[in-house]
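Please open the model in your viewer and keep the sequence panel beside it. The tour goes from the whole chain to a few selections.

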Amino acid sequence: ETEKMKKAEFILGALVLVGLLLKYFKIPFGGAILVISTTFLAVLYYPLGFILLNGIRSRDLFRSTAFKNTNWKSILVPLVVGFALAVALIGILFKVQIWPSGDFILGVGLILCFLSSTLSIFFLLKKQSVFAKRVLLRTGLLTGLGLSLFLISDDTLIDHFFAERSKEYRETMKQLQENSGNRDLQNKLMKLDKQHYESIGD
């Protein structure tokens with residue numbers, strides 16, 4: 001059953017990449033695929049990452065033999081790593097979707113991934129090299145992707161994804177990113193959004 005979880009992880013990871021590509025090229029349903037696949041993959045990592053990273057079969061989870069060769073380190077570290085991976089994934093989602101606090105969540109996720117990698121190497125590399133490789137592979141991939149997105153400003157993303165909208169719309173959206181609680185900017189953006197779709201209908 002661990003193999004099934006690995007397959008599910010691979011499929012969801014592939015869908016995340018597909019969603020990112022579709023989103024970048026503004027192909028319909030790219031955002032929906034990204035949201036769904038990222039959410040499920042985040043859940044797979046936390047709290048289920050404990051099973052995945054330790055290579056425990058889910059049907060053996062409640063059997064004492066499943067933890068015969070484990071200690072507190074091999075229980076705590078997978079939980080920390082799974083949480084870090086989940087936060088990084090949600091941060092990537094928020095960043096690409098240009099949702100509020102995207103940079104903050106992604107930044108926290110990147111820091112946690114770095115700490116998780118360091119913790120894994122420090123505690124487990126010598127005694128459980130297979131586990132360390134599992135952790136480093138996942139944290140490395142997400143850190144690379146997350147860092148690449150983190151270095152892209154929200155303004156750049158807005159100009160790319162909303163290039164067909166008016167300059168006023170894009171500027172209002174940029175202002176709203178800096179002050180997400182501003183009701184006047186929210187109302188103005190909704191009004192501009194409505195005008196855009198009305199112009200398309202005409």
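Predicted model: local features only at pLDDT ≥ 70, side-chain atom pairs only at ≥ 80, totals over all residues.

Next, switch to a cartoon view. The protein chain has nine helices and zero strands, so the pattern read along the sequence is α-α-α-α-α-α-α-α-α. The chain has 202 residues, and 40% of them count as buried. Now consider contacts between residues at least 6 apart in sequence: 64% of these join residues at least 24 apart.

**First stop: Tyr46**

Select Tyr46, in the loop between helix H2 (30–45) and helix H3 (49–54). Is Tyr46 buried or partly exposed? Its relative accessible area is 38%, so Tyr46 counts as partly exposed; the range for that class lies between 20% and 50%.

Tyr46 and Pro78 are 32 residues apart in sequence, while in space the C-alpha to C-alpha distance is 9.1 Å. Then show what touches Tyr46, leaving aside its neighbours within four places in sequence: the contacts are Leu79, Gly82, Phe83 and Ala86.

**Second stop: Lys95**

Move to Lys95, which is in helix H4 (residues 72–96). Lys95 counts as buried because its relative accessibility is 1%, and the cut-off for buried is under 20%.

Which residues is Lys95 in contact with, leaving aside its neighbours within four places in sequence? Show Gly102, Asp103 and Leu106, then Leu149, Phe150, Ile152, Ser153, Asp154 and Leu157; Lys95 is in contact with each of these.

Select residues 154–161, which form helix H7, and residues 167–178, which form helix H8. Two packed helices are described by the angle between their axes and by the distance between those axes. For H7 and H8 the angle is about 150° and the axes are 10 Å apart. That angle makes H7 roughly antiparallel to H8, since the term applies to angles over 145 degrees. The crossing of the two helices, H7 and H8, is right-handed.

Note on methods:
Residues numbered from 1 in each chain as written. Heavy atoms only, no water. Axes fitted to C-alpha atoms, helices over the stretch in contact; angles between N-to-C directions. Helix = DSSP H or I, 4+ residues; strand = E, 2+ residues; numbered from the N terminus. Parallel < 35°, antiparallel > 145°, perpendicular 65-115°, else oblique. Left-handed = near helix turned anticlockwise from the far one by under 90°. Buried < 20%, exposed > 50% of the residue type's maximum accessible area, 1.4 Å probe, protein only. Contact = heavy atoms within 4.5 Å.
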